[in-house]
Amino acid sequence: MTKDTVLAMLRREPGFVSGEGISSALGVSRMAVNMAIKSLRAEGYVIESSTKKGYCLISGPNALNPGELLGCLSPERMETVHCLDTVDSTNKYLKALAMEGAPAGTTVIADEQTGGRGRLGRSFASPKGTGIYFSYLLRPEAAPADTAVLTAWTAVAMARAIEKVSGFAPGIKWVNDLVWQGKKVCGILTEMAVEGETAQVQYIVVGIGVNVGQDAFDGELEQKAASLKMVTGKEISRAALAAEMLRQMDALGADFPKKAEEYLQAYREACVVPGREVMLVRRDEVLRGTALEVTEDFSLKVRFADGSVEDVSSGEVSVRGIYDGEKL
Ligand code: BTN
């Protein structure tokens, strides 16, 4: 759409861009450029115009739309990015694309989810205009067990993206929540399909939700969630962060499986759990112990109250509480 490409050109250029330059770069009429500028203004973009110099983007909403993403990513990369206004779940949408044969790297990004899903059958609050709801398709040629580390690798990749764009380095709460003072800033839900005949991975959809611009959370989320705005005190560009998340996921796809050592080390450095008292839930049982370390396969080594030491896997238990006198 002309409007998206005009917005992308204005985002990339800090000064004025001539109307003639835009129309010839896009191969559209001056009238079409004028119409695009008009509809961008109606969406809240403040665009200065000068008969001599053309158009200059002064400010705009923190929108997550195709034009904003195109301002941060190349047109080639955007070919397999689906940017949606609203969807039930980006994971669900991407799984349908994966079944139709979408290539690795295909990404779905939404401004709002009406049925956002979290781990363990929970829901993931996905209000419009404040978060990033992002799903990325991987097609590793591997057996399912060898790809189990990808969720932890994604936590590393997302911590890198968030730090690069916001300056805040989140902690990782084993196994895959990114947190600030014990509150979730980013959650990850990985879903996989396995081919019946070969028992090889058919596709993996990695779904990532980031709380970006919320000023506060209500109800039970008040104690559980935080946004990048609450952490940094700044408005973080959702498009810039979504683009960086995509670059980090592209890098992860290329790094898997050879950079295992690097991702493990980065994970251990960011993980806030080892050394703390934890409460683990295994089936209906609640266990207390001390987390000792993250093992090479991203299990958690725990010493239980009776002195026994066990490596627990994320499929088996979840960490419900971390006790250290104060929140992390
Ligand atoms: C969790 O913390 O329990 C995982 C949350 C994962 C949420 C993301 S948002 C994008 C993708 N689509 C979904 O429905 N869920 C994931």
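**Ligand shell and overall fold of a predicted model**

The structure is a predicted model, and its protein chain comprises 10 helices and 14 strands. With a radius of gyration of 22 Å, close to the 20 Å that the globule rule gives for 328 residues, the protein chain is as compact as a globular protein of that length. The points below cover the ligand surroundings, then the chain as a whole, then one glycine.

**Composition of the ligand shell**

**Polar atoms facing the ligand**

- An N or O atom in the side chain of K184 lies 2.4 Å from an oxygen atom of the ligand.
- A polar backbone atom of R117 is placed 2.7 Å from a nitrogen atom of the ligand.
- In the case of T90, an N or O atom of the side chain is 3.1 Å from a nitrogen atom of the ligand.
- The protein buries 98% of the 420 Å² that the ligand exposes when taken alone.

**The protein chain as a whole**

- The C-alpha trace of the protein chain spans about 80 × 50 × 35 Å along its principal axes.
- Of the 328 residues in the protein chain, 49% count as buried.
- The protein chain exposes about 15,500 Å², and carbon and sulfur atoms supply 50% of this area.
- When contacts between residues at least 6 apart in sequence are considered, 61% of them join residues at least 24 apart.

**Glycine 182**

- G182 is located in the loop that runs between β7 (177-180) and β8.
- The relative accessible area of G182 is 35%, so this residue is classed as partly exposed, a class that lies between the limits of 20% for buried and 50% for exposed.
- G182 and A226 are 44 residues apart along the chain, and their C-alpha atoms are separated by 9.1 Å.

How values were computed: Residues numbered from 1 in each chain as written. Predicted model: local features only at pLDDT ≥ 70, side-chain atom pairs only at ≥ 80, totals over all residues. Heavy atoms only, no water. Polar contact = N/O pair within 3.5 Å; in protein donor to acceptor, adjacent residues only side chain to side chain. Areas by Shrake-Rupley, 256 points an atom, 1.4 Å probe, with all protein chains shown as cover. Helix = DSSP H or I, 4+ residues; strand = E, 2+ residues; numbered from the N terminus. Rg over C-alpha atoms; globule rule 2.2 N^0.38 Å. Buried < 20%, exposed > 50% of the residue type's maximum accessible area, 1.4 Å probe, protein only. Contact = heavy atoms within 4.5 Å.
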